[in-house]
Amino acid sequence: LYSSFIPPLVYAMMGSSRDLAVGTVAVASLLTASMLGNVVNANENPKLYLHLAFTATFVAGIFQASLGLLRLGFIVDFLSHATIIGFMAGAATVVIMQQLKGILGLNHFTHSTDLVSVMRSVFTQTHQWRWESAVLGFGFLFFLLTTRYFSKRKPKYFWVSAMAPLTSVILGSLLVYLTHAEKHGVQVIGNLKKGLNTLSFTDLVFVSPYLTTAIKTGIITGVIALAEGIAVGRSFAMFKNYHIDGNKEMIAFGTMNIVGSCTSCYLTTGPFSRSAVNYNAGCKTAVSSIVMALAVMVTLLLLTPLFHYTPLVVLSSIIISAMLGLLDYEAAIHLWTVDKFDFIVCMSAYAGVVFASVEIGLVIAVAISVLRLLLFVARPKTFILGNIPNSMIYRNVEQYLNTSSVPGVLILEIDAPIYFANSGYLRERIARWVDDEEDKLKSSGETSLQYVILNMGAVGTIDTSGISMLEEVKKVMDRRGLKLVMANPGAEVMKKLNKAKFIEKIGQEWIHLTVGEAVEACDFMLHTCSPGPLKEDSEAYNKV
């Protein structure tokens, strides 16, 4: 409750998500408990244990804010659309499984979040299942899903589904109070202490040997909380079509944890379950976080006795209802239809979250996405261009089947920047294209190949390895009696080629503004049979 009061106020002022509901998360809570528990026993020394939790939260806040100040928010760009879909579905599945404890009225439950551990925990305790709790839970779940369906069919009655969770809490509490269901296996919240957060700045522990533990715990849990919070925020931003500022989010998370550690709060982020409830309630702006914080403040001051009889199974039903709406199987089917690799990324994120943990699922999905990015860079597309009839336009011969080739000229397009990672591959591809073209011309008895034009329009930049590759290609072409010609290189590419003196080696007259002009120059040389310097449009590039 303390962590649901101060941190949301800080985030509402500094964060960029309109839907994120700030609070504690299960993964970070379990990690904090296990890492601190290895050093301090919570039962034997509860005060030190609590102070270490505050200190770890303070360290996590400093770390998160530092990442934002250093402008490292670009890391959120590695969470692709497919990754987010898989992460959301996996997180929703995990949260639903965790609610089985409340639905079935179990007293003991696994701390693990993976599917196997949860199912083992559920089915090894069948003798402890409470039918009263299950009936109550599924009854309220049916009520919540029915109100949501009604509101979707009748949008003007949106308030019906928005009021359903609060109505469930009130009805559940009244039902337990009137029937004394807590005596028949239905778990309730119980007594809650009144009063607002106390200041805890003086409780932070900065002495050995506990400081090392606090730093390690803070950094690890801080990274996980940051990744989950940004992923959740970006997920809902994607649904509502607005932008999340990664750097701003990092600074907001860091600040709220620094302030929270000084006001009796432990690590907070944007929990998926709470944000989903917020989203399904119809929130529009970050003011919902302020309203939530004020509601928690009133609760802490006045209303804690009223929640004594609130059944935990009702809270589980509310969370399950919210999670079911976020299992977007239609989006997964769409990914399969459009891009199989994106579908693999999506299912990897889902499987990682469900069968391992949230952080492992994110790591797997991001790793696969980065691998795909590396493959794009290391294996760029190259293709032959042909002339579209009655025009000066040259396009991919595989895409435009009516294109015609130019006798004696091979036109190749490189569809990516040239780096050290792909320069060797491009050298081999160019040589293979030339070999294939020469073999085809020999077999057909047509004019022998004399010119190779490289269309550099898609080459945004080039490094020294790329320049060396071009020099090697030119030497190979010279040995084979072929002339290398370049068309449409960009300004940055021209600057580097000029500094490397490659332009002098190839000859300024063999660099042209367009493929069409390069073809005209080659055709002119073929017909005059006297290769010599041409100084047409290359003057424009000399100025660059």
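Where is Thr263 found relative to helix 10 and helix 11? In this predicted model, Thr263 lies in the loop that separates helix 10 (246-261) from helix 11 (272-280). The residue has a relative accessible area of 12%; because this value falls under the 20% cut-off, Thr263 is classed as buried. When residues up to four places away in sequence are left out, Thr263 touches Ile6, Asn197, Thr198, Leu199 and Ser200.

Helix 9 covers residues 210-240 and so comprises 31 residues. From its first C-alpha to its last, helix 9 reaches 44 Å, close to the 45 Å expected at 1.5 Å a residue. Asn241 follows helix 9 and has a positive phi, near 60°.

The protein chain as a whole contains 22 helices and six strands. Its radius of gyration is 32 Å, whereas the globule rule gives 24 Å for 544 residues; the chain is therefore more spread out than a compact globule. Along the principal axes, the C-alpha atoms fill a box of roughly 105 × 55 × 45 Å.

Of the 544 residues in the protein chain, 49% are buried. Contacts between residues at least 6 apart in sequence were also examined, and 79% of these join residues at least 24 apart.

Terms used: Residues numbered from 1 in each chain as written. Predicted model: local features only at pLDDT ≥ 70, side-chain atom pairs only at ≥ 80, totals over all residues. Heavy atoms only, no water. Helix = DSSP H or I, 4+ residues; strand = E, 2+ residues; numbered from the N terminus. Buried < 20%, exposed > 50% of the residue type's maximum accessible area, 1.4 Å probe, protein only. Contact = heavy atoms within 4.5 Å. Expected span 1.5 Å × (residues − 1). Rg over C-alpha atoms; globule rule 2.2 N^0.38 Å.
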